[in-house]
Amino acid sequence: MELQILYLRHTMIDILFVHTNSVNQTFQSLSKYAAVEPPIWAALLANSMRTFGVSVGILDCEAFQLNAEESYNHIKYINPKLVCFVQFGQHPSASAQSMQGTHELLNLMDFEFKTILVGLYPSALPKKTLEDEKCDFVCEGEGVDTLLGLVESDLVNVSKVPRLWYRENSEIKFTNKTPIIENLERVLPGMAWDLLPMEKYRNTVHFSLTNNNDRTPFAALYTSLGCPYKCDFCCINAPFGKSVFRYWNPEFMITEFDKIANMGIRNIKIADEMFVLNKNHFLKICDLIIERGYDFNIWAYARVDTVKEEYLERLKKAGVNWLALGIESGNRKIRVDSVKGKFHEVDVKDIVKKIESFDIEIISNYMFGMSGDTHETMQETLDLATELNTSSANFNPTMIFPGSPLFTDAMNKGIDLPPTYSGYSYYSKDSFPNPTESLSREEILKFRDDAFQKYFNRSEWFDKIRRKFGQGAVDIYKDVLKIKLERN
């Protein structure tokens, strides 16, 4: 298929939003089983800009599997006034690791076009990003007022453009901060679905189990931004400068779900950092979906202390077939110490049983190498995972993501940080997790990779998957388990 963006070839566009491709470095051979997700923030910013009269386009290099040279050639062909690299992602690691593809493409472009970086990583380390990369500007924030200011300035007199880092001769300067977006419906009125190659996106293997293993078509969207919590390993609030949580009105959000339904899409990821939190928000969205009778296959994030039994029936009726739970550790002290802010200790086993009793599947998220972890506490985590035996599980080494409290602590202590952007990936060859006082990076990675094989290679797990989803689903996972990640 010809790139959708190329219909703009006879028109000079103001901003081309680019989502670069780093998938081979960050996922290795697992890439064919990973999701290819719509770049939500690129689509949000593009739609926002055109409501203000700015001409825009989106180039999703990952969706079209373009390498750096191919991406560069498309940008040359489109010839935009400003290239905006959007370094957001559907999970915190995605911003830092996606910088790998951006770095390679910027080196090829070599200041041929005016460029700006927006997202989690650039907001967390704006000055360093400008020092390290061949880009003209870096935005410290969400991007709307900065991009509008650049367009109005015609990319020349930029000293009054808000939230902008730029070079003046050999000096790096910052302009000023502005308040974060409050009225989401007015400033970020949904995604530019028409600029995305929707047929190219695919769900992950595990979340497609509840859709007869059909991974496409697939859509992802936010219904809220930010997170009120302050987990020491998370950088989700880096662009906002503080812990914030804002919502789109449910009556507005249902219009986005209407568009997804009209495109014939059933697989949906609600990418909110915490969807199941404010019942007045998420239950209203569920009710509106139920009223329309949509048959969605939705997955969303929750905390073990925010899921209430009274919510589960409506979540299921709305099509929420999966909840991703951040269980993190099997050791209570480590879990509570790492999850800052208000946290109610709950019986994890009881919560899992209640969720599954409503025929909602669980993907449990676990971390190895958290502050205070030892071989014994990591084994506690693996033991809890096998006992819970949820339909899927993520096992991740603890990373020092820029913008997280853990990153600040590491900088103060002089702890080595990943020497490459792909080093921020859980699955890359050069993955570079955070060591603990008693565990080296090598020990953490080995434990993680062994834990993955041990968990999914159990007869108890295969029996559960076979009973729920059939032998075909088991065969898919047996193929996944043949892949052994290379590690430096």
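## Packing of α2 against α7

In this predicted model, helix α2 (residues 40-51) packs on helix α7 (residues 144-153) at an angle of about 50 degrees, and their axes lie 10 Å apart. Helices (H or I, at least four residues) and strands (E, at least two) are DSSP runs numbered from the N terminus. Axes are lines fitted to C-alpha atoms, for helices over the stretch in contact, with angles running from 0 to 180 degrees between N-to-C directions. The two helices α2 and α7 are therefore oblique to each other; angles under 35 degrees count as roughly parallel, over 145 as roughly antiparallel, 65 to 115 as roughly perpendicular and the rest as oblique.

The crossing of α2 over α7 is right-handed, a term for a near helix turned clockwise from the far one by less than a right angle, anticlockwise being left-handed. Leu-45, Ser-48 and Met-49 of α2 meet Val-144, Leu-147 and Leu-148 of α7, contact meaning heavy atoms within 4.5 Å. By class, this contact comprises five nonpolar residues, one polar residue and no charged residues. Here Ala, Val, Leu, Ile, Met, Phe, Trp, Tyr, Cys and Pro count as nonpolar, Asp, Glu, Lys and Arg as charged, and the others, Gly among them, as polar.

## The seven-stranded sheet

Seven strands form an open sheet in the order β2-β1-β3-β4-β5-β6-β7, and the pairing is mixed. Two strands pair if DSSP finds at least two bridges between them. At the edges are β2 (56-60) and β7 (171-174), each of which pairs on one side only. On average, neighbouring strands of this sheet are turned by 25 degrees against each other, direction ignored.

Strand β6 (residues 164-168) pairs with β7 in the antiparallel sense over four bridges. Ile-172 in β7 is the bridge partner of Arg-167.

## The six-stranded sheet

A further open sheet has six strands, ordered β8-β11-β12-β13-β14-β15, with parallel pairing. Its edge strands, β8 (218-221) and β15 (392-397), each pair on one side only. The twist from one strand to the next averages 20 degrees.

Strands β8 and β11 (residues 267-270) run parallel and are joined by four bridges. Leu-221 stands opposite Ile-270 in β11. Helix α13 (residues 348-357) lies across β13 (320-328) and β14 (361-368), and runs at about 170 degrees to β13.

## Basis of the values

Residues are numbered from 1 along each chain as its sequence is written, and side-chain values use heavy atoms, leaving out hydrogens and water. Because the model is predicted, local features need pLDDT of at least 70 and side-chain atom pairs count only at pLDDT 80 or more, while totals for chains, interfaces and linings use all residues.
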